[in-house]
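Subject: Structure for you to look at

Hi,

Here is the structure I promised to pass on. Have a look at it first, then read my notes below.

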Amino acid sequence: MLLKKKSILVVLTSLIMALSLALIGCGGTPEATDGDAADAQAAGGDAAPTEMILVKEGKLIVGSDCDYPPFIFMDGAKPAGFEYDLMLEIGKKLDLEVEYLAPQNFDSLIASVAAGSKMDIGVSSFTINDERKKLVNFCTPYFDSNQAIVSLKSKAYTNASDLEGMVIAAQSGTTGADWAQENIPGITLKPFNQTSEAIAAVLAGDAEAVVYDEPVAAEHVAEQYAGELEIIQSVPTGEQYGFAVSKDNPVLEAAVNQALLDLKADGTFDLIFLKYFPGVTPPSLR
């Protein structure tokens with residue numbers, strides 16, 4: 001009888017030990033939670049970049065179409081204009097030498113900035129919009145703009161409704177091209193690589209009008225094409241320009257934003273702005 005009781009005790013002891021081991025194996029060590037995984041990821045290789053990414057060490061490589069006076073244009077073999085002067089001052093703030101690439105195709109600039117292998121920043125009077133923000137980040141807006149419809153004075157058009165069903169020119173990939181396509185019924189949109197080419201088409205009679213940014217149009221009709229072209233309608237689109245940077249380069253974006261604020265604070269931004277846009281109130285940078 002005693003032997004039988006001892007056998008039962010041994011069996012019970014064995015069962016208790018087995019159950020304890022099972023509990024340890026299944027639940028004794030807590031499983032990792034989603035929060036733990038997030039903490040591990042934040043501490044690992046996916047942490048936010050802490051250094052500025054540059055194509056060439058010590059340089060800020062800029063891509064632009066260089067065909068948009070007074071913002072950016074070629075003065076002989078060298079770029080010039082409001083954006084060019086502004087970028088030179090930003091380069092000084094960042095202790096980087098500013099280097100402009102040869103004039104680029106505007107329609108491919110955003111993709112080139114996103115790739116990050118050819119240029120560090122795109123500076124070409126880019127209107128900040130949701131479509132472009134899918135590919136790149138934009139620095140603090142530095143200019144407020146609208147669109148304008150420009151035609152030959154001899155045509156005597158008065159507004160967009162006069163152009164229904166006609167051939168309209170615009171630079172490919174611009175908000176001007178988008179606006180014309182969406183707001184003037186029945187047109188044939190004739191795209192060009194450069195705004196100057198679209199204007200040439202109007203002058204040659206190959207298009208009835210060209211739609212592009214109002215500040216540039218105002219410069220053209222007052223200076224370069226005075227007596228030939230006129231703005232037949234201003235379109236209040238409420239656009240803002242921003243410098244484009246790669247989404248993988250937040251440190252550069254932050255540095256440029258700070259440089260813009262510093263230039264605004266010390267008065268340099270306003271001096272450059274008023275040099276090219278006398279009588280226009282400089283924007284407040286946010």
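Below is what turned up, starting with the cavity.

The model is predicted, so to speak of local features we need pLDDT of at least 70, side-chain atom pairs count only at pLDDT 80 or more, and totals for chains, interfaces and linings use all residues. Residues are numbered from 1 along each chain as its sequence is written, and side-chain values use heavy atoms, with hydrogens and water left out.

A search of the whole structure gave one cavity of 30 Å³ or more. Here a cavity is a set of points on a 1 Å grid over the protein atoms alone where a 1.4 Å probe fits but cannot get out, and lining residues have an atom within 4 Å of a point. The volume of the largest cavity, about 60 Å³, is the space filled by probe spheres set on the points. Its lining includes Tyr 68, Arg 132 and Asp 213. At least three lining residues come from each of domain 1 (59–142 + 242–276) and domain 2 (145–238), with bounds from an automatic or database domain assignment.

Next, Met 52. At 29% relative accessibility, Met 52 is partly exposed, meaning between buried (under 20% relative accessible area) and exposed (over 50%), with a 1.4 Å probe and protein chains only. Val 251 is 199 residues away from Met 52 in sequence, yet their C-alpha atoms are 5.0 Å apart. Leaving out residues up to four places away in sequence, Met 52 touches Leu 96, Asn 249, Val 251, Leu 252 and Ala 255 (contact means heavy atoms within 4.5 Å).

Cheers

Conventions
On a 1 Å grid over the protein atoms alone, a cavity is a set of points where a 1.4 Å probe fits but cannot get out, and a pocket is an open set with protein on both sides within 12 Å along at least five of seven lines; lining residues have an atom within 4 Å of a point.
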